[in-house]
Amino acid sequence: MKYMIVLQAITPIAHQDTSNAGNTTNVRLFMRQAMLVNGIATQVPSISENALRTVLFRETLADGLMQDLGVQRGELPQAIVNLLFSGGNMAAGSKAPSNEIELGHMVKRNYPNLDLLGGAVDGFILPKSRLKVSAWLVTREYLPALKYIAPDLCAEAENISVYDLVSEETRTRGTGGEASGNQMLYTYETLAAGAKLVVELVLDPHTPELALSALGYALERWQGFIGGQGRQGRGRMAIVSHDLPSSDLYRQYIADNAGSLKDGLVDGTLGTGKKLCA
């Protein structure tokens, strides 16, 4: 099953290329990916799907769950915090229990955010996550994909090159009037305000309705920023359209099971009766 979100930048997007491959300047380059454009392999400005998956869903669902349950990070084992916000990792020297598959599916049934996004507890990796995310900018370079994914946006894309949307911003980082020191200049590339982004969500056909409802919940709670330099207002996005399910089912589930869900986080059992995260 598939869902689609169309986003539009209402401020420029700063989205750094973390690989820094081939960058011989001091400018922080915009994220790029390898593509064929007119039969020529080139590096094209793009938005990281992994980053979108994190800011739209993993972090938003984790924050929302903790707020709805009235629990603070300091009340939870660090392994639980890591699992919720970044997917976690297995503990050194840990051994998987003999019933890890059963336990993993219990965790996924109890916590729909983990069903969607997966992760690792101390002793094992949870069964396969259900959510896959892809994204394409609405520009000429992405037309081959947009023809299949969002044909209604092709006419708009034909008139825009992604390279015309990329520019540089230079900022000053100073020490303030109360301290001595030199100001530092730094420059980064941005994608222009007005740029549109198509985000496709693909889920396996057995995804429960509760997990699908969590997608709608996440989009409702998302603060609307992607990329970096958010302190300067960069990366503010508007939701142009989406076809995600209603959040009502997920919200009701959290309200009805708040006590047991909170206990599962605090004691590290995730509702399985066995301590999975110390």
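**Strands, turns and a pocket**

Mentor: Let's start here: L36 stands opposite A41 in β3. Before going on, note that this is a predicted model, where local features need pLDDT of at least 70 and side-chain atom pairs count only at pLDDT 80 or more, while totals for chains, interfaces and linings use all residues. Residues are numbered from 1 along each chain as its sequence is written, and side-chain values use heavy atoms, with hydrogens and water left out.

Trainee: In what sense do β2 and β3 pair, and over how many bridges?
Mentor: β2 (residues 32-37) and β3 (residues 40-45) are antiparallel, with 6 bridges. Strands here are DSSP runs (E, at least two residues), as are helices (H or I, at least four), numbered from the N terminus. Two strands count as paired if DSSP finds at least two bridges between them.

Trainee: Which residue of β3 is the bridge partner of Q33?
Mentor: That's V44.

Trainee: What about the turn?
Mentor: β2 and β3 make a hairpin with 2 residues between them. N38 sits in that loop, and its phi is positive, about 55°, although N38 is not a glycine.

Trainee: Is N38 buried or exposed?
Mentor: N38 is exposed, at a relative accessible area of 78%. The cut-offs are under 20% for buried, over 50% for exposed and partly exposed in between, using a 1.4 Å probe and protein chains only.

Trainee: Which other residue has a positive phi without being a glycine?
Mentor: L270 is one, with phi near 55°. You'll find L270 in the segment after α10 (258-266), and L270 is buried, with a relative accessible area of 0%.

Trainee: Switching topic: in what order do the strands of the 4-strand open sheet run?
Mentor: The order is β4-β7-β1-β8, with antiparallel pairing. β4 (131-137) and β8 (237-242) are the edge strands, each pairing on one side only. On average, neighbouring strands of this sheet are turned by 25° against each other, direction ignored. For angles, axes are lines fitted to C-alpha atoms, for helices over the stretch in contact, and values run from 0 to 180 degrees between N-to-C directions.

Trainee: How many bridges join β1 and β7?
Mentor: There are 7 between β1 (residues 2-9) and β7 (residues 196-203), again in the antiparallel sense. In β7, V199 is the bridge partner of I5.

Trainee: Which strands does α1 lie across?
Mentor: β1, β4 and β7, and α1 runs at about 115° to β4. Contact there means heavy atoms within 4.5 Å.

Trainee: Which residues of α3 are buried?
Mentor: In α3 (residues 100-110), they are L103, G104, M106, V107 and K108. Their cover includes α4 (112-117).

Trainee: Last topic, pockets. Which helix gives the largest share of the lining of the largest pocket?
Mentor: Helix α1 (residues 49-69), with 6 residues. Among the lining residues are V55, E59, R221 and W222. A pocket is an open set of points on a 1 Å grid over the protein atoms alone, where a 1.4 Å probe fits, with protein on both sides within 12 Å along at least five of seven lines; lining residues have an atom within 4 Å of a point.
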